[in-house]
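Dear colleague,

Please find the structure we discussed directly below. A short account of the findings follows it.

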Amino acid sequence: VAHIAGAEINANVVGTSISEQPRFIGKLSVAEMSPRNLLGDMGVALPVMADSNALQKAEFAADYSATPEHVELSNIHLAFDESVLTGSLQSSLDAIKRVNFNLALSGINADRYLPPPAPESAENTAAGSQAPAPAAADVNDGEMFSFLDALALDGKLTVGKLHIQNLDMNNVMLHVKTQGRTLSIDPLTAALYGGEAAIKANID
C-alpha cells in the first residue's frame with residue numbers, strides 16, 4: 001500500500017523469467033478519493049467546469065501485465081462521479097506506441113465537464129448578428145496532430161447514455177483509428193430521439 005498525494009494505491013506484483021524474458025503481472029487499485037482535491041494538492045489547476053462539483057470522487061482497479069515491450073490493462077473498472085468505465089487497453093512500448101482499447105462507459109453528462117456558458121451582456125444581445133465574428137486563430141494543422149507521430153490508436157468506445165450540448169443519445173459506439181497524422185472515425189453511431197445517426201470522418 002502506498003499513499004501518494006493523498007491517494008491510497010494498492011498493488012501486487014508477480015515476476016517471471018526475470019533474467020531472460022521478464023514479465024510482471026498483478027493487480028492495481030486506487031481507493032476512492034477526490035480527483036479535484038488530489039490535483040489541487042499537487043498544484044494542478046483544473047479548467048473551469050459548468051459543474052463545480054464534478055470530479056469529486058473516483059476509484060480505479062485493474063489487472064495488469066507488463067514486459068519490456070508491452071503493457072496491458074484488463075478488467076478495468078474506473079468509477080468517477082456517476083459514471084463507470086470498464087474494459088481493456090494494451091500498448092506497445094516502442095518508439096511509436098501502438099495502443100488498442102475496448103472500453104465501455106455506462107453513461108455521462110458531458111455538459112458537467114465543459115466550460116460554463118459565457119454570460120451574454122445586454123449590449124451583446126442588442127447588437128445581435130451585427131457584431132463582427134472574431135478572427136479565426138492561426139492554427140498549424142500539422143502541429144496540432146504532431147502527437148500522432150508517436151502514437152497509433154485502434155480502439156472502440158461504447159457509451160450507454162450520453163448527454164452533451166443539451167442532446168441525449170443512447171447506445172453510442174465509436175471506432176477510432178489513426179495512421180500517421182490521420183485520425184479516422186468509422187463509424188460513430190448513436191440512437192438519437194427515436195432514430196439513429198451514423199457518421200464517418202477522417203481528420204488530418
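Which residues make a nonpolar surface patch of about 270 Å²? The patch is made by Val13, Ile18 and Phe24. Patches are made of residues with over 30% relative accessible area and no salt bridge, with like charges joined within 9 Å and nonpolar side chains (Val, Leu, Ile, Met, Phe, Trp, Tyr) within 5 Å; a salt bridge is a side-chain nitrogen of Lys or Arg within 4 Å of a carboxyl oxygen of Asp or Glu. Accessible areas come from the Shrake-Rupley method with a 1.4 Å probe, and for residues only the protein chains shown count as cover. Isoleucine 18 lies in the loop between strand E2 (7–16) and strand E3 (23–33).

Please note that this is a predicted model, in which local features need pLDDT of at least 70 and side-chain atom pairs count only at pLDDT 80 or more, while totals for chains, interfaces and linings use all residues. Residues are numbered from 1 along each chain as its sequence is written, and side-chain values use heavy atoms, with hydrogens and water left out.

The chain has three helices and eleven strands (DSSP runs numbered from the N terminus: helices are H or I with at least four residues, strands are E with at least two).

Strand E4 (residues 58–66) and strand E5 (residues 70–80) run antiparallel and are joined by eight bridges; two strands pair if DSSP finds at least two bridges between them. Three residues link E4 to E5 in a hairpin. Alanine 66, in strand E4, has valine 71 in E5 as its bridge partner.

Histidine 70 stands opposite serine 92 in E6. In the hairpin of E5 and E6, two residues lie between the strands, and aspartate 81 in the turn has a positive phi of about 50 degrees.

The largest nonpolar core has 21 residues, and Phe80, Leu105, Ile108, Tyr113, Val159, Leu162 and Val172 touch the most other members. Such a core is a set of buried Ala, Val, Leu, Ile, Met, Phe, Trp, Tyr and Cys residues joined through side-chain atoms within 4.5 Å, buried being under 20% relative accessible area (1.4 Å probe, protein chains only). E7 gives the most to this core, with five residues.

Yours sincerely

Definitions and conventions: Buried < 20%, exposed > 50% of the residue type's maximum accessible area, 1.4 Å probe, protein only.
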